[in-house]
Amino acid sequence: YAHALGSSGVTADAGVYGYLYPGSRKAVGISENYYEVYADLAKPFGPVTTKVGINYAPKQAYFRNFATPTRYNVYGYGELGFAPANTPFLVHSHLGHTAGGLDFAGHSYLDYTVGASYKWKALLVDLSLVGTDLSRSDTQRFDTFYGTTDFHRAAKTAVVGSVSASF
C-alpha cells in the first residue's frame, strides 16, 4: 500500500513480502519460507530522491528451523538517487543493516550498493558495486565447517551488471 502524505511530497509505502521456496522442505528437510512486513518513506528533492525504510520479520518457523540466535529479524535502510534532468542517467546508492535471525554467518552486517544506470528505450542498463562489511574472519568458521569459501564469496564486494526491459 502506497499513499502520498498530503502535499508534503512524502510517499509512505507499507506491505508484506513473502519469500517462498517451493520444494525446500523436500530438498533440505525444512521449510525455508518466511515473510516480513515493511514500511518506508520516500521524498524527492528536485533530481534527488531519498528513501528510508524498515523491514521486520516476526517470530516464525524459519527462525526456529534454522536455530537462529534470535527469532526475528530487523532490516533498516536508506537510499539516495540522482537523476539529472533531461538525461537517461541515474546514479543510485543504498545502505542497509541486518540484525537478528537473518544475520550472515552469525554476524549482523551492513550491506551497500553504489551504481549508475542508463535508460535507452525499454532497456535499463545498470552497473553497480555491491557488498557487505563482513570480513573473511567473520565467515571463516562456516567456510571451514563446510569445507568451502562460499560464505566469504557471498559476502565480499562485487561488481554487478544487469540489463532489464520494461514494457
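Figure 1. A search of the whole structure finds 13 aromatic pairs, a pair being two rings of Phe, Tyr or Trp (its six-membered ring) whose centres lie within 6.5 Å, with planes under 30 degrees apart counted as stacked, over 60 as edge-to-face and the rest as tilted. The ring centres of Phe89 and Tyr118 are 5.1 Å apart and their planes stand at 55°, so this pair is tilted. Phe89 belongs to strand S6 and Tyr118 to strand S7, so the pair ties together parts that are 29 residues apart in sequence. For Phe104 and Phe151, the centres are 5.9 Å apart and the planes at 50°, so this pair is tilted. Phe104 lies in the loop between S6 and S7 and Phe151 in helix H4 (residues 150-155), so the pair ties together parts that are 47 residues apart in sequence. Helices (H or I, at least four residues) and strands (E, at least two) are DSSP runs numbered from the N terminus.

Figure 2. Arg153 forms a salt bridge with Asp150, and their closest N and O atoms are 3.1 Å apart. The criterion is a side-chain nitrogen of Lys or Arg within 4 Å of a carboxyl oxygen of Asp or Glu, and a search of the whole structure finds one such bridge. Arg153 and Asp150 are three residues apart in helix H4, which means that about one helical turn separates them. Asp150 is partly exposed, with a relative accessible area of 39%.

**Figure 3. The nonpolar surface patch.** Phe89, Tyr118, Trp120, Leu123, Val125 and Val163 form a nonpolar patch on the surface, and together have about 570 Å² of accessible area. Patches are made of residues with over 30% relative accessible area and no salt bridge, with nonpolar side chains (Val, Leu, Ile, Met, Phe, Trp, Tyr) joined within 5 Å and like charges within 9 Å; areas come from the Shrake-Rupley method with a 1.4 Å probe, and for residues only the protein chains shown count as cover. Strand S7 (109-120) and strand S8 (123-132) each supply at least two residues of the patch. Phe89 lies in strand S6 (residues 89-100) and is partly exposed at 48% relative accessibility, while Tyr118 is partly exposed at 32%.

**Figure 4. The open sheet.** Nine strands form an open sheet in the order S1-S2-S3-S4-S5-S6-S7-S8-S9, with antiparallel pairing. Strand S1 (2-4) and strand S9 (158-165) stand at the edges with a single partner strand each, so one side of each is left without a neighbour in the sheet. S6 and S7 pair in the antiparallel sense over 10 bridges; two strands count as paired if DSSP finds at least two bridges between them. His92 stands opposite Gly115 in S7.

**Figure 5. The aromatic cluster.** One aromatic cluster is formed by Tyr17, Tyr19, Tyr34, Tyr38, Tyr62, Phe63 and Phe66.

**Notes to all views.** Residues are numbered from 1 along each chain as its sequence is written, and side-chain values use heavy atoms, with hydrogens and water left out. Because the model is predicted, local features need pLDDT of at least 70 and side-chain atom pairs count only at pLDDT 80 or more, whereas totals for chains, interfaces and linings use all residues.

Note on methods: Buried < 20%, exposed > 50% of the residue type's maximum accessible area, 1.4 Å probe, protein only.
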